[in-house]
Amino acid sequence: MRSLPAPRFRRVAKLIAIDSAHRIALLSRRTGHRTWVLPQRCARLDETYGDAVAELCGNLLASYPIRLGSISGHCWAPAPEGLTPRAETRFYIVRVDAKPVDEGPGRSTLWAPRAVVGLWLGHPDVEAVKILVDGYLDGWLPDGPITLE
């Protein structure tokens, strides 16, 4: 029996966790480095993006009361270029109804203030996060999925 090659398409679920002080949760990309990313994981073939986000919430925010935001963002997978895998990304907003302990640099979680999240979070996520968070918290984005392109 022949095995099939790995798919060149990934479905990435990213979590924008916002606490009561409007800080956003970022995770250290690698221990000891000062690069930060949104909590994220690839959705398996047998699960939805929502299932992947629910698992992320369970792993990251299990001890806090949370609620799902009414807005989600969607970035379509770009056209393939060579052997580079394509990635479709969905952003989900989750409100943390408490003020989590900020673990800070050198640890696994950083709760970055909304106004300066761009100092820690790199491209391409920084623009998507600014649009979704500002639109959600300031009330100018409608409820439902938003295409970010």
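Tutor: A definition comes first: patches are made of residues with over 30% relative accessible area and no salt bridge, and nonpolar side chains are joined within 5 Å. The model here is a predicted one. In this model, Val 116, Leu 119 and Trp 120 make a nonpolar surface patch of about 280 Å². One of these residues, Val 116, sits in the loop that lies between strand 7 (109–113) and helix 2 (125–138). Val 116 has a relative accessible area of 30%, so it is classed as partly exposed.

Another loop runs between strand 4 (40–42) and helix 1 (49–60), and Arg 44 is found there. Arg 44 has a relative accessibility of 42% and therefore counts as partly exposed. Leaving aside residues up to four places away in sequence, Arg 44 touches Arg 11 and Glu 55. The C-alpha atom of Arg 44 is separated by 9.3 Å from that of Val 12, although the two residues are 32 residues apart along the chain.

Cys 42 has 37% relative accessibility, so it counts as partly exposed. Cys 75, at 19% relative accessibility, counts as buried, because buried means under 20% relative accessible area. A disulfide is a covalent bond between the sulfur atoms of two cysteines. The structure holds zero disulfides.

Terms used: Residues are numbered from 1 along each chain as its sequence is written. This is a predicted model: local features need pLDDT of at least 70, side-chain atom pairs count only at pLDDT 80 or more; totals for chains, interfaces and linings use all residues. Side-chain values use heavy atoms; hydrogens and water are left out. A disulfide is a pair of cysteine sulfur atoms within 2.5 Å. Buried means under 20% relative accessible area, exposed over 50%, partly exposed in between (1.4 Å probe, protein chains only). Patches are made of residues with over 30% relative accessible area and no salt bridge: like charges are joined within 9 Å, nonpolar side chains (Val, Leu, Ile, Met, Phe, Trp, Tyr) within 5 Å. Accessible areas come from the Shrake-Rupley method with a 1.4 Å probe; for residues, only the protein chains shown count as cover. A salt bridge is a side-chain nitrogen of Lys or Arg within 4 Å of a carboxyl oxygen of Asp or Glu. Helices (H or I, at least four residues) and strands (E, at least two) are DSSP runs, numbered from the N terminus. Contact means heavy atoms within 4.5 Å.
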